[in-house]
Amino acid sequence: MSMKELPISPRGIFWQEDFITPEHEQELISLFRHELKWPDRSGRTSLHYGYTFDYKTFGVDPEIPYKEFPDWLKPLIPQTESRPPDQVCLQYYPPGSGIPPHVDAHLAWDQLYALSLGAPVVMQFRRGKTEERVDVDLTPRTMMAMVGDARLHWTHGIKKRKTDTLPDGSVRLREDRWSLTYRWLRNGECECGNLELCDVAQRRNGIEKEKRSLKQLAESAQAASE
């Protein structure tokens, strides 16, 4: 697996196009549509493999047992790390849906990879709470890794909207999209020291990271779409 760093800020976004073939992608999309049992709700929905991701703490949900990777997932595991990921999240994004700007918890997770399938979408990276923002077009079948600055010091999110405006000024309609996010449990503690985004640094300085309720998560999602 050969990944190249994108020559942009933030540093630490690594990229591999055509991680799988278009034919393999279509087989997966057919499986996602017709063979998997999804939560019965509208908007972005998720299925979890390995450890289950907890959207309140952004860590592992201790109440749910480890779930073995299904056969279809095993060929999609990145081979660049010394061990398989501890958690994989399959998400479905219907047209118009998004995900609020966030940074995956530094305490729980180390490496972060994501594979995009289906339609493309623009993801926005933002340096903390500053106005410095960078758009990255997530193209189908591309595997992305976030390390260093991109992983720790910039948030990433997808605005909730029906279209994306591209650099050339053209407007692209959003269509069905799926993503696989791969996470590895961290060995030891994060030492980045970012008091704004790092839950380890916050804890060391007496700042308890608030566990957000589902209502607060919904409010954050609404704010991110405005």
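Begin by selecting Phe32, Trp72, Leu90 and Tyr182, which have the most contacts inside the largest nonpolar core, a set of 27 residues (buried Ala, Val, Leu, Ile, Met, Phe, Trp, Tyr and Cys joined through side-chain atoms within 4.5 Å; buried means under 20% relative accessible area and exposed over 50%, with a 1.4 Å probe and protein chains only). At least two residues of this core come from each of helix H1 (22-34) and strands S3 (45-50), S6 (87-93), S8 (109-118), S11 (143-146) and S15 (177-185), where helices (H or I, at least four residues) and strands (E, at least two) are DSSP runs numbered from the N terminus.

This is a predicted model, in which local features need pLDDT of at least 70 and side-chain atom pairs count only at pLDDT 80 or more, while totals for chains, interfaces and linings use all residues. Residues are numbered from 1 along each chain as its sequence is written, and side-chain values use heavy atoms, with hydrogens and water left out.

Next, centre on Phe32, which, leaving aside neighbours within four places in sequence, is in contact (heavy atoms within 4.5 Å) with Trp38, Trp72, Leu90, Leu117 and Trp178. A second, separate core of 18 residues includes Leu6, Ile13, Phe125 and Ile158.

Now select H1, in which Glu25, Leu28, Ile29, Leu31 and Phe32 are buried. These residues lie on the same side of H1, because they cover an arc of only 160° around the axis (taken from the directions from the helix axis to the C-beta atoms). On the other side of H1, Glu23, Glu27 and His34 are exposed.
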